[in-house]
Each structure stands twice: as C-alpha cells, then as structure tokens.
Amino acid sequence: RTAIANASLVIREGELEKRSDSLFQFWKKKLVVLTKDSLSLFPDGHKRARGKELGFHSILKVDCVERTGKYIYFTIVTTDRKEIDFRCPDQSCWNASITMALIDFQNKRAIQDFKSRQELEQAAGSQERRLARAP
C-alpha cells in the first residue's frame, strides 16, 4: 500500500477504460487509483502524468451496470449530473470496489453531519437554558 497526494491509503490500483468525450467516443486506458476519498485517473498508465481526481464528495452514484461477455460497463454520475462511462474486464469488479468505497464515504459523511447537528442543537439548548435563568 502506498499513499498519493491527498495522503489517503490506496484501496485499489489498476487499469480501467474510460469513454472519451470526443465525437468518436474511443475507449482510453487509464491507470486508476481508488482511495477512501476519491478516484484518481492517470493518462497513459503513469502516475507521473497529471491525473484527474474525482472526489467522492462530487460523486452521486455508480449507475447503469451492464455485463457483456468480456466487459462490465458502468457510469459514474457526479453531483452536477455529468456522466462518465467506464468499462473493465468482467472478472475485475472495479464497479463494486468503487461503489463500496463511495458508500463507505457517504456513510461516514452522514454520521459526521448527524453529530454536527446534534452538537449544534445541544449548544442551542444550553444557550436557551442560560437565557432562561437570567434575571
């Protein structure tokens, strides 16, 4: 296991194919690094090149899973409704790895949000009690 720029531990590293946004929609191989916070894509299979990071805070869901004989096709939907298409060899299960990491991230964020709300409510309640005791 190694660490990348955001110091998150790598959950999985390997190759995925991403459909290009161009008119011909070619499939391009990308080196992919999955961490607990993001999915990073590097062109030409090199981490030396500048990669594109998809933070889980900007990913809504992994959608549209389709299995053919050779590949699993899936789409990552971002919070701004952009769809990014990927495919991986049938046995590699990248879609499941990404989905599980995303769910884990969303669960942790939901717990943090809940705790923050509780702390705010408790702080507001103690403020009201102090005001109620004031002469």
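Predicted model: local features only at pLDDT ≥ 70, side-chain atom pairs only at ≥ 80, totals over all residues.
**Ground rules**

I number residues from 1 along each chain as its sequence is written, and my side-chain values use heavy atoms, with hydrogens and water left out.

**Entry 1: strand pairing**

I took helices (H or I, at least four residues) and strands (E, at least two) as DSSP runs, numbered from the N terminus. I called two strands paired if DSSP finds at least two bridges between them.

I began with strand E1 (10-19) and strand E2 (27-35). They run antiparallel and are joined by nine bridges. I looked up Gly 14 and found its bridge partner in E2 to be Val 32.

Next came E2 with strand E3 (38-43). This pair is also antiparallel, over five bridges, and the two strands form a hairpin with two residues between them. Leu 31 has Phe 42 as its bridge partner in E3.

Then I checked strand E5 (59-67) against strand E6 (71-78). I noted six bridges in the antiparallel sense and a hairpin that connects the two through three residues. Here Lys 61 has Val 77 as its bridge partner in E6.

A reminder to myself: in a regular strand the side chains alternate between the two faces of the sheet.

**Entry 2: the core**

I sorted residues by relative accessible area: buried is under 20%, exposed is over 50%, and partly exposed is in between (1.4 Å probe, protein chains only). A nonpolar core is then a set of buried Ala, Val, Leu, Ile, Met, Phe, Trp, Tyr and Cys residues joined through side-chain atoms within 4.5 Å.

Which residues have the most contacts inside the largest nonpolar core? I found Leu 16, Leu 39, Phe 74, Ile 76, Trp 94 and Ile 98, in a core of 20 residues. E2, E3, E5, E6, E7 and H1 each supply at least two residues of this core. The largest share, five residues, comes from H1.

Leaving aside neighbours within four places in sequence, its contacts include Val 32, Phe 74, Phe 86, Cys 88, Trp 94 and Ile 98. Lys 28, Lys 29, Lys 30 and Arg 87 are also among them.

**Entry 3: Asp 90**

Is Asp 90 buried or exposed? I count Asp 90 as buried, because its relative accessibility is 17%. Asp 90 sits in the loop between strand E7 (83-89) and helix H1 (94-133). Beyond neighbours within four places in sequence, Asp 90 is in contact with Arg 67, Thr 68, Gly 69, Lys 70, Tyr 71 and Ile 72.

**Entry 4: salt bridges**

My criterion was a side-chain nitrogen of Lys or Arg within 4 Å of a carboxyl oxygen of Asp or Glu.

- Lys 108 and Asp 104 have their closest N and O atoms 2.8 Å apart. The two are four residues apart in helix H1, so about one helical turn separates them. Lys 108 is partly exposed at 45%, and Asp 104 is partly exposed at 35%.
- Lys 36 and Asp 37 meet at 3.4 Å, N to O. Lys 36 is partly exposed at 45%, as is Asp 37 at 25%.
- Asp 63 and Lys 61 have their closest N and O atoms 3.5 Å apart. Asp 63 is partly exposed at 31%, and Lys 61 is partly exposed at 37%.

**Entry 5: loop residues**

I list Gln 25 as partly exposed, because its relative accessibility is 42%. Arg 81 has phi near 70 degrees and belongs to the loop between E6 and E7. At 59% relative accessibility, Arg 81 counts as exposed.

Leu 23 also lies in the loop between E1 and E2, and its 77% relative accessibility makes it exposed.

Conventions: Contact = heavy atoms within 4.5 Å.
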